[in-house]
Amino acid sequence: MWADCASCVSQSGHQRSARDLATATDLRDLPDPHDLPDSCVSEERGEALGFFQHVSVRQSLFKASTSISQSLYLIGKSLRPTLSILVVLSGFLGLAILRTEERRIGYEILDLGKEQNLFIEERKRKVIQIAKLTRPQHVENVAQARSLLRKVTEAQVIHLQDGRVDKKASQASHRRLD
Amino acid sequence: MRSRIILLFSGLAIFWSVAILRAGFLQLTPNDKLQSLASRQYKTTVALQARRGAILDRYGKDLALSETTFSLFADPSVIQKKRVLARKLSKELNISFDTILDRVSDSEKRFVWIQRQMSLEQRNRIQDLGLKGLGFIEEAKRVYPNESLLGNVIGFVGREGQGLEGLELSQNDQLTKNRRTLSVRRDARGRPLVVADQLFTEIDEGADLQLTIDMDLQHLLENEIRGAVHDFVADQAFGIVLEAKTSAILAVAMSPGMDPNHPHKTAAEHRRNRIVTDVFEPGSTMKTFAIAAALRENQVTPNKKYNTENGKFQIGRRIIREAEVKHQWPELTVSEILALSSNIGTSKIALEVGAEKLRRTFLDFGFGAKSGVDMPGEARGVVHNLPWNPHLLANISFGQGISVNFLQLANAYAAIANGGVLHQPFVVLAHKETDRVEIARPKPIRRVLTTEQASQMRMMLVGVTGAGGTGGNARVPGFLVGGKTGTAQKPNPLGKGYLPNAYISSFVGFIPAENPEYVILIAVDHPKERSYYGSSVAAPIFSRVASYAVRRQGLSPMLISMQGEGSVK
């Protein structure tokens, strides 16, 4: 597709083939396609011209990007003191927020602690209530007065041995010596 | 004009320089007074209330607990409308208007109590009134949910939470911890700022005390003891249940008792734990130890016979008689002397043993010395110093002229029951703290009898509850019971001799006799109606308590007994 064009090469002063041109990486090494002689306007020249047009776009883009980065660099350089101050200030602000948050959580813990104490006290009161309700005298009174239960007599005692009724023992319980 | 400006600026410069130098001086040079002033502005003290530990029975049931209450105080100097405040508070607190007005009337005062130990609900209601010049202080209040159950043993605390009587007094150091204070930074409104590792909810608690007491057994014993005072119109009555093998106290009852929630409603003499603080003449229950002394010295065997002089035995100018005039036995074996409670037989054995050896045996069994029980106020009792004349020796052998406390007596029987080793009785089973539990171990004091001698003593004591013995009413169907009755005359507290018709009826025994689990003592002081003999007053109570104890323990009866006959194994 690409062939060596001696005239082109000689006019441009380059000692490389068109393929070399295509693979050239440094755009600054390439000639401007408009500077190429008319003798290069052939089929191959047309292709070469298309290539050079492409290279030209890339070159202009490169220039543009260089100028942008240079501009940014300059802007950055001029903003550096301001940015430094902003960073320091935001650092301080962050610390302040952290301290405030610590305080806020501290108060929250304090409130939760009070609430926990209330629950602990409530639990204590419940334990006392349970103890009062389960005291033997109370249970006995309730059993006798409300449930109409009577105290167990020895004749009602059934002895168990290994999970079974121990008849001998139960019988012994039912008989009194005196 | 310019010179004036220069002068003004110079003046200002000098003023500020001096101020800055002074500030620097104050800041950099140490000054305790200024530092304390500064720290007072940004520091506050948080008091962490230490709660008194609970008292529990052996199964963890609550016997004493602490709850938080709120005490109301007033600052009369800031109260503007004193009459309005008094009227509103009197409605809320059920205190008379005049009383409250009187308390807040002196505007010079900065602090007066209005009401102590109120509930949370009461506090909230008073806070809702929005009265100025009032404040609350949190205080712990001791609550005894079982009311008078074990009241004399547990004791009670004062208003400031300090133990005043019973275990609350003797275990005060374990039950309480000092109030802990934390110094922390505070904000402008005085609220403490929470700092890492400082949690205000971690309330220190004293150790919980777990007792050896079985609350259900205690309840039954107290019912029986109260019933005895009522039925026999007695002055007072006592009961103890010991674990035979370790001398752990399972139940202690006395009537009249005390409700530790309202100790001031009980007479002072009934507030103390009279089981250990009071002594009495034990009477015939002491005969056991006179015979044990003879066994120790190998001077008797259970079947050795003694001439019991047909009920009248003269020592010097004095005559020893049996308890009943009708008791005119010519001779009795040692077993029979114990079973029939012969004063003459016991006196003769004691005279053979001699005062020194008898006294030594009594001391070895723990009489005349504190048992070391972890209850306060224990009395030693009295075992007279030697020499003893023969009449005193005879009297002491059957329990007169000697005084013991009830626990000493029960513990001495426990030594016989467990095979001859005297243990230190104890009621505190464990101290429970959040991070450790300290469990009390049984403490053997000394061996007082060989295993063989203890076994012989048990066998003879079983004879007391056997056919013809004085302790027949102490029997428990299906179980062998050993023990001894006692009917001791009460000494005259105002002079020599004994009070007429005043007795302490008692029974001490163990069950099951072949392998004793429980030692039970029942004593009724001055029963005035129905009967006064230990065999008919105390022994039936023993039977009921022992029967419940073995059933509760799940022990199977080992005897099949027939009506009116002996026991067949």
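**View 1. Helix α11 of chain B is mostly covered.** Buried means under 20% relative accessible area, exposed over 50%, partly exposed in between (1.4 Å probe, protein chains only). Helices are DSSP runs (H or I, at least four residues), as are strands (E, at least two), numbered from the N terminus. Among the buried residues are B:Lys287, B:Phe289 and B:Arg296. B:Asn298 follows α11(B) with a positive phi, near 55 degrees. The model is predicted: local features need pLDDT of at least 70, side-chain atom pairs count only at pLDDT 80 or more, and totals for chains, interfaces and linings use all residues. Residues are numbered from 1 along each chain as its sequence is written, chains are lettered from A and ligands numbered from 1 in the order in which they are written, and side-chain values use heavy atoms, leaving out hydrogens and water.

**View 2. Two cis peptide bonds in chain B.** One joins B:Leu386 and B:Pro387, with omega about 5 degrees. B:Pro387 lies in the loop between α14 (355-364) and α15 (390-397). Another joins B:Ile511 and B:Pro512; omega is about -20 degrees. B:Pro512 sits in the loop between β21 (498-511) and β22 (518-525). Most peptide bonds are trans.

**View 3. Positive phi at B:Glu147 and B:Glu309.** B:Glu147 has phi near 55 degrees. Its loop runs between β5 (134-143) and α6 (151-154) of chain B. B:Glu309 has phi near 60 degrees. Its loop links β12 (305-307) and β13 (312-315) of chain B. B:Glu147 is partly exposed at 37% relative accessible area; B:Glu309 is partly exposed at 27%.
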